[in-house]
Amino acid sequence: MPDEELIGRLRRFEKAFPSYEDTWRTLADEGQHPTILFIGCSDSRVVPYMLMGCGPGELFLVRNVGNLVPPYEVDGAHGSAAAIEFAVLNLAVKHIVVCGHSHCGAIRALYEPPPPEAKHMARWLTHAQGAILPVVPTEEALRRVEQRSIAIQLDHLMTYPMVRRNVEAGKLMLHGWHYLIGEGKVLVLDVHSGEFMPVDEQAQRHGAIGLQVGSDMPGLDRLVPGAC
Ligand SMILES: [Zn+2]
């Protein structure tokens with residue numbers, strides 16, 4: 001992208017700003033109060049604001065390769081972990097969505113290891129290692145691996161003390177979503193069956209979507225059989 005194009009984009013933003021000025025000024029004066037932490041892949045085809053129909057100030061975002069959640073470490077120093085802590089402790093979000101997607105390069109890379117120089121990526125992808133199926137990675141198989149990884153990331157989220165505490169207190173719900181690029185559909189994880197299904201079907205079955213941990217709920221190790 002030539003410099004000219006970048007400058008042009010900034011100019012267009014500044015020109016359009018007056019029509020949105022009130023919203024931005026309120027956000028600047030009153031701060032942000034998003035209720036959703038959205039953990040999505042860095043993939044350019046995943047557009048959280050479009051998916052959720054949200055405007056500025058409504059989504060707190062974590063984006064990384066493969067929408068992965070590093071397990072909680074007492075002495076850790078990971079950017080994604082810091083964002084999760086901030087979202088739960090400071091913003092008191094009500095929902096955390098782990099949104100994976102079809103045709104995910106990170107999930108494919110589980111079968112086609114990155115170049116030797118990409119050491120960070122190789123280590124990072126170990127957070128999804130448990131999702132691998134010992135099969136030929138056909139497109140159909142990759143969709144299953146993408147879904148299994150989403151369940152694993154929810155499991156990792158529950159290793160964060162503040163996440164587990166708020167989920168168990170009924171203050172926070174976790175959601176696993178699988179966005180099908182090209183189909184305009186999002187499948188949601190049904191914690192009762194471990195299946196990903198269209199949102200209407202899931203809501204009809206249970207009246208709500210998301211994960212509420214309680215004594216009568218299955219453990220995450222039962223979700224997406226063999227996932228965890
Ligand atoms: Zn991806």
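# A guided tour from the sheet to its helices

Start with the sheet: six strands make up an open sheet in the order S2-S1-S3-S4-S5-S6, with mixed pairing. Strands pair here if DSSP finds at least two bridges between them. The names follow DSSP runs numbered from the N terminus, with helices (H or I) of at least four residues and strands (E) of at least two. Now colour strand S2 (59–64) and S6: they stand at the edges with a single partner strand each, so one side of each is left without a neighbour in the sheet. From one strand to the next, the twist averages 30°.

Before going on, a word on what you are looking at. This is a predicted model, in which local features need pLDDT of at least 70 and side-chain atom pairs count only at pLDDT 80 or more, while totals for chains, interfaces and linings use all residues. Residues are numbered from 1 along each chain as its sequence is written.

**The whole chain**

Zoom out for a moment. The chain has eight helices and six strands, and from the N terminus on its elements run α-β-α-β-α-β-α-α-α-α-β-β-β-α. Of its 228 residues, 29% count as buried. A residue is called buried if 20 or more other C-beta atoms lie within 10 Å of its own, exposed if 12 or fewer, and partly exposed in between, with C-beta atoms placed from the backbone. Among contacts with a separation of 6 or more, 66% come from residues 24 or more positions apart. Contact means that the C-beta atoms of two residues, placed from the backbone, lie within 7 Å.

**Inside the sheet**

Select strand S1 (residues 36–41) together with strand S3 (residues 95–101). These two run parallel and are joined by five bridges.

Then move to strand S5 (residues 185–190) and strand S6 (residues 195–198), an antiparallel pair joined by four bridges. Which residue stands opposite Pro198 of S6? Leu187 does. S5 and S6 form a hairpin with four residues between them, and Gly194 in the turn has a positive phi of about 80°.

**Helix H3**

Select residues 79–89, which are helix H3. Its buried residues are Ile84, Ala87 and Val88. Seen down the axis of H3, these buried residues fall within an arc of 90°, so they line one face of the helix. The arc is that of the directions from the helix axis to the C-beta atoms. Turn to the other side of H3 and you will find Gly79 and Ala82 exposed. The cover over the buried residues of H3 includes S1, S2 and H7.

**Where H3 meets H7**

The crossing is left-handed, a term used if the near helix is turned anticlockwise from the far one by less than a right angle, with right-handed used if clockwise. To show the contact, pick Ile84, Glu85, Val88 and Leu89 of H3 along with Met162, Val163 and Asn166 of H7.

Now look at H7 alone. Val163, Asn166 and Val167 are its buried residues. They cover an arc of only 100° around the axis, which puts them on the same side of H7. Pro161 and Arg165, on the other side of H7, are exposed. The buried residues of H7 pack against H3, helix H6 (139–157) and strand S4 (173–180). Just after H7, Gly170 takes a positive phi of about 75°.

**Two loop stops**

Finish with two loops. Asn67 lies in the loop between S2 and H3, and has a positive phi of about 45° although it is not a glycine. Is Asn67 buried or exposed? Asn67 is buried, with 30 other C-beta atoms within 10 Å.

The last stop is Ala92, in the loop between H3 and S3. Its phi is near 50°, a positive value in a residue other than glycine. Ala92 counts as partly exposed, with 13 C-beta neighbours inside 10 Å.

Note on methods: Axes are lines fitted to C-alpha atoms, for helices over the stretch in contact, and angles run from 0 to 180 degrees between N-to-C directions.
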